[in-house]
Amino acid sequence: MRLAAIDVLLSSTAHDAALLRSHVLQQKDVGSSMLKGLLGMLTSEESTGEKPQAAEVLRALLDPESMEGREQDD
């Protein structure tokens with residue numbers, strides 16, 4: 001189930017990373033944010049197939065070349 005959810009996130013970032021990026025920026029004050037969950041997957045001890053996909057989602061979200069000026073500042 002988690003692998004399918006990350007696959008959906010990866011597909012949405014490939015289509016329009018700015019949409020997901022704006023959602024993550026709106027969650028910066030919330031304790032259980034999507035960014036925290038993705039980082040938790042990467043730093044977890046267990047070796048699952050989710051880590052490469054989570055890394056790709058984070059790479060797409062944090063790519064400065066695909067960001068607008070205001071997004072880079074945020």
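M34 is found in helix α2, where helices (H or I, at least four residues) and strands (E, at least two) are DSSP runs numbered from the N terminus. With a relative accessible area of 21%, M34 is partly exposed; buried means under 20% relative accessible area, exposed over 50%, and partly exposed in between (1.4 Å probe, protein chains only). Not counting residues up to four places away in sequence, M34 touches L9, L20, H23, V24 and Q27, a contact being heavy atoms within 4.5 Å.

The model is predicted: local features need pLDDT of at least 70 and side-chain atom pairs count only at pLDDT 80 or more, while totals for chains, interfaces and linings use all residues. Residues are numbered from 1 along each chain as its sequence is written, and side-chain values use heavy atoms, with hydrogens and water left out.

**Overall architecture**

The protein chain holds four helices and zero strands, and from the N terminus on its elements run α-α-α-α. Of its 74 residues, 24% count as buried. Among the contacts in the protein chain with a separation of 6 or more, residues 24 or more positions apart account for 55%.

**Helix packing**

Two packed helices are described by the angle between their axes and the distance between the axes. Axes here are lines fitted to C-alpha atoms, for helices over the stretch in contact, and angles run from 0 to 180 degrees between N-to-C directions.

| Helix pair | Axes come within | Crossing angle |
|---|---|---|
| α1 and α3 | 8 Å | roughly 5 degrees |

Angles under 35 degrees count as roughly parallel, over 145 as roughly antiparallel, 65 to 115 as roughly perpendicular and the rest as oblique.

The axes of α1 and α3 cross at roughly 5 degrees, which makes α1 roughly parallel to α3. On the α1 side, R2, L3, I6, D7, L9, L10, T13, A17, L20, R21 and V24 take part in the contact, and they meet E50, Q53, A54, E56, V57, A60 and L61 in α3. These residues divide into 11 nonpolar, two polar and five charged; Ala, Val, Leu, Ile, Met, Phe, Trp, Tyr, Cys and Pro count as nonpolar, Asp, Glu, Lys and Arg as charged, and the others, Gly among them, as polar.

T13 lies in helix α1 and is buried, with a relative accessible area of 7%. Apart from its neighbours within four places in sequence, T13 is in contact with L20, V57, A60 and L61.

From α2 the contact takes in L35, L38, L39, M41 and L42, and from α3 it takes in E50, K51, A54, A55, V57, L58 and L61. Of the residues in this contact, 10 are nonpolar, none polar and two charged.

L42 is placed in helix α2 and counts as partly exposed at 30% relative accessibility. Leaving aside neighbours within four places in sequence, L42 is in contact with K51, A54, A55 and L58. The C-alpha atoms of L42 and Q53, 11 residues apart along the chain, are separated by 9.6 Å.

**The salt bridge**

One salt bridge is found in a search of the whole structure, the term meaning a side-chain nitrogen of Lys or Arg within 4 Å of a carboxyl oxygen of Asp or Glu. The side chains of R59 and E56 form it, at 2.5 Å from N to O. R59 counts as exposed at 52% relative accessibility, whereas E56 counts as partly exposed at 35%.
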